[in-house]
Each structure stands twice: as structure tokens, then as C-alpha cells.
Amino acid sequence: MDVPEASDVRVRIAPSPTGFAHLGTASTALYNVIFARQNSGVFALRIDDTDLERNRPEYELLIYESLRWLGLDWDEGLDRGGPDEPYRQSERLDIYKQHAVRLMGEGKAYKCFCTPEELEAERKQAQAEKRAYKYSRRCLTNPPPGREVFTVRFKVPPGEIKFNDMVRGEMTFDAELIGDFIIIKSDGYPVYQFASPVDDAVMKISHVIRGEEHLSNTPYQLMIVDALGYERPQAYAHMPLILAKDGTKMSKRKHAELNLSLYREKGYLPEALLNYLALLGWNPGTSQEIFTLDELVKVFSFDRVQHAGARFDWEKLNWINGEWIRAMSDEELAERLRPYLPRLGEGTIQRAVPALKTRMTTLGDAATLLEYLWIDPPPPTLDETQSTRVRGARDAIAGVDWEPEAIHQALMKVVEASGEGPNKTFMPLRLALTGKKISPPIDYTLALLPKDVAMKRLDRVLG
């Protein structure tokens, strides 16, 4: 793969604010940021908001918030400004109209007055004749008189469309299979296939890095670029789709894991999510699996991106997130935990961190593990053997300093004396203190409670 001149690299993402910010947007942004940083280039954020019925300002805000949470900041965009303002497509309508008028003036586009019913009749006719549908060019050769409502269609030239894809190599499409397509709708708004390549050309985007679902759009967009006489992007890269675990295509309706907000709510670290997304469809060729963004910038290459879709794997993400949690300093982890533990003071969180590190998959797990600190669980019913274990433990810790190490030493003496092992000895203690079978290590489970509260919970199960 040819290495571009660093100063020439300009990349972008252009999400649509028609729903929650999703995993695909984050993945595409990540690869664009990596490539821009590798080449000292510019990463721009453009908003494709020409879908009037589905656009929502709150969805646009979610895009900004999600990308910032992930640390994928942009160099140019709506709130940053830049040489190609505005960066919202709904504010660039005059630009698209000017380009459409130019194409019509040069005979490369034309008005189409056909009604939806007439176009549907054409499609049904093609279906009956068992042929692929292409617009008949009726309005190019013999437009119906007396009509005022029209769309603008691009006149597809004959020949082949070829381009270089940094993932898939040389790509070729036959223009004969593509009918004249609409570029301006009857309401005056451009379609995606027109606005996107016009913006890329005007903004001098050098490399278009996006999802595989856009691969079939590329020949349409390159025909527009060529017809307008603009220079093409140097290359495209169509990244593999993120698939569900069963190999099917993900949908917003069926797959909650597409929603980026979900990961923040559950307590996944942004660094870990980026790490995981980078490995979806790409591998470094080594055994290393934990990467910082800076490390990804050093080692990422499109040469090692797979062509097939990448299956989303919760277990792998959870493992990576756990590794990132355990690698954090206690001070930083305490800071990250604060939003998930609003009922606990800073001191309690800091004391809990060493114990939580070994038990957490996500930051959200901390609330489940520690809720016994603010919720008094109902006392469990213990059998005689379990009560004996609790009584022995209670007596052993009654006079010790209320710190994990002192508690641990006292309890281990109980374990050694019983000959039954830690699990059998500690399980009834956990049930009495937390109401659960899973908690932080038992010495921390006790030490995080005020001593009088802990002893009271043990005493009440003993009757």
C-alpha cells in the first residue's frame, strides 16, 4: 500500500442523527482517527442530516457526547469550525443545488417528472420480464408536458468504475448495471449519494474510511465526482461489518449492543471499548491483545484487516475491560468509580478499590458488590453447621483492629482450626453480611462496614 504524503491526509465521518449513537459510528471514527494520526492528518466530523423526518437534535448531541467519551476528538466540525464550514449538510443546500444545476447545464443530469405510480409500474414490468430494473430514461428523451413537480436524475455514463480499496484491493463495477439515479428529491433536498461525494470533493477528503455497507455506494459517488471534474479521493477503505454473535447482521431493534450509551451506563472503560473495537476485523499479527490508542496508531495497518464480517463477542469485551480495570492505579480507578457509587463517600470507595479490582468486569459491577453497604439485607436462615461457623468467625474478629489484614489473619486461624477450607467457612458470613453468595474478599467485606454494623448482622443470624 502506498504511503500518503502526511500533509495530504484528510479524513472524516458523517453520521446521521436519526437514532442513538451506535457501535458502527465508534468503529469507523476509530479507524479514521488512527489513520489521521499516523499521517499527521486532519479528522473532520460532518453531520449528514438531510433525512428531515427522522433527524433529532438530541441524537446529534449523543454523537458528540459518545465520541468525546471515547476520546475520539475531531479537528474540524460543527463546534470546532474549520475551512469548510458549515459542517451540517442541512446548512449546505445551496452548495448541492449549485452542483446539480451545473450537471444539468452540462447534460450530465436532467429533470424527472415521473410520478411514484409510474415508476412503480416500470419496476413491476421489469419484474414480470425477469430483468434487473433500470430507469427507462423517459424524462430524458420525452418528458411529460405540463408537470411542475420533479426530481433531478444523474445520467449514468457507460463504462466501468474502478477504484482502489485499502482493504479489498482494486475494485471494478459495471456502470451498465446502474440506472440513472435521483440526486435531488422533489423537496429540493439532496440524496446521500449526491451530498456525500460533493462534500468529500469540496472538503478535499483524501481517504474515505467507512463500513462495508457503503461499498456498493462508491461507484455512484465516484461517477458524481468524475462528472463534476473533481479529483477523486486517493483511496477508500471499507471495513468489515460488525455482526451479531450468531453471524447475522445487527439491527438497532434487535441488538442492544449497538447502542454506545449502553457501554457507558454499564461501566465499560472507553479505552477498553476502543481496544476491543480495533480487534473486531483487524489483528496485529502478534499475541498482544491489550492496546492503548497510541499503541494502535503505531501498529495498525489496513493490510491486516479481514474481509469477512467480525462477530461481536461479549466475553472477549468483558475480558479486555477487566484487564484494563486491573491495570489501573487505585487512585484512577476510584475516580472512575465515583459516578457508579453515588451513595458512598470518597474514603469508602478508595478503601474498596483493592478488593473490587479482582472481582469487577465492569465499573457497574461495583454497585452490585457494594450495595450491602447502604442496603441492610434480610438475615438468612442458617443451619446449625453454618451458625457454628459464623459464631467462630464472629468471636475471632471481635477484638481485632478493624482493618482487612487483621481480619484476614484472624479468619484464617478459624479456617485452619476447622479444616474445612475458606469457602465453607466464609459463605455463611457473606450471606449474613450481604445477603449474597458473591461479595468482595471476606476481609474487605467486613472492614468496609462499620464494626458495630458488621457485628450486629452476624449476631442477629445467631439468634
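Student: Cys 114 first: buried or exposed?
Tutor: Buried, at 12% relative accessibility. Here buried means under 20% relative accessible area, exposed means over 50%, and partly exposed is in between, with a 1.4 Å probe and protein chains only. Bear in mind that this is a predicted model, where local features need pLDDT of at least 70, side-chain atom pairs count only at pLDDT 80 or more, and totals for chains, interfaces and linings use all residues. Residues are numbered from 1 along each chain as its sequence is written, and side-chain values use heavy atoms, with hydrogens and water left out.

Student: Which cysteine sulfur is closest to that of Cys 114?
Tutor: The one in Cys 139, 3.5 Å away, which is too far for a bond. A disulfide is a pair of cysteine sulfur atoms within 2.5 Å. Cys 139 is in no disulfide either, and Cys 139 is buried at 5% relative accessibility.

Student: New topic. Which peptide bond is cis?
Tutor: The one from Glu 85 to Pro 86, with omega near -5°. Pro 86 sits in the loop between α2 (57-70) and α3 (93-105). Helices (H or I, at least four residues) and strands (E, at least two) are DSSP runs, numbered from the N terminus. As background, most peptide bonds are trans, and most residues other than glycine have a negative phi.

Student: What is the phi of Ser 40?
Tutor: Near 50°, a positive value in a residue other than glycine. Ser 40 lies in the loop between α1 (23-38) and β2 (42-45), and Ser 40 is exposed, at 62% relative accessible area.

Student: And what about the phi of Lys 130?
Tutor: Also positive, near 55°. Lys 130 belongs to the loop between α4 (116-128) and α5 (138-141), and at 80% relative accessibility Lys 130 is exposed.

Student: On to His 238. Where is the place of that residue?
Tutor: In strand β9 (residues 235-239). His 238 is buried, at 0% relative accessibility.

Student: Which side chain has a polar contact with that of His 238?
Tutor: Thr 218, at 3.2 Å. A polar contact is a pair of N or O atoms within 3.5 Å; within protein, one must be able to donate a hydrogen and the other to accept it, and residues adjacent in sequence count only if both atoms are side-chain atoms.

Student: What else does His 238 touch?
Tutor: Leaving aside residues up to four places away in sequence, the contacts of His 238 include Phe 163, Asp 165, Arg 168, Arg 210, Glu 212 and His 214. Contact means heavy atoms within 4.5 Å.

Student: Let's do sheets. What is the order of the open sheet of three strands?
Tutor: β3-β4-β7, with antiparallel pairing. Two strands pair if DSSP finds at least two bridges between them. β3 (109-112) and β7 (182-184) stand at the edges with a single partner strand each, so one side of each has no neighbour in the sheet.

Student: How many bridges are there between β3 and β4?
Tutor: Four, in the antiparallel sense, and β4 covers residues 151-154. Within that pair, Lys 111 stands opposite Val 152 in β4.

Student: What about β1: which residues are buried on its faces?
Tutor: In β1 (residues 10-13), Arg 10 and Arg 12 are buried on one side, and Val 11 and Ile 13 on the other. In general, side chains in a regular strand alternate between the two faces of the sheet.

Student: How do β1 and β2 run, parallel or antiparallel?
Tutor: Parallel, joined by four bridges. Arg 12 is opposite Ala 44 in β2. β1, α1 and β2 together make a right-handed β-α-β unit. Right-handed means that, with the strands pointing away from the viewer, the path from the first strand over the helix to the second runs clockwise.

Student: Last one: how many residues of helix α9 are buried?
Tutor: Nine of the ten in α9 (residues 270-279), so this helix is largely enclosed by the rest of the structure. Among the buried ones are Pro 270, Asn 275 and Tyr 276. After α9 comes Gly 281, with a positive phi near 100°.
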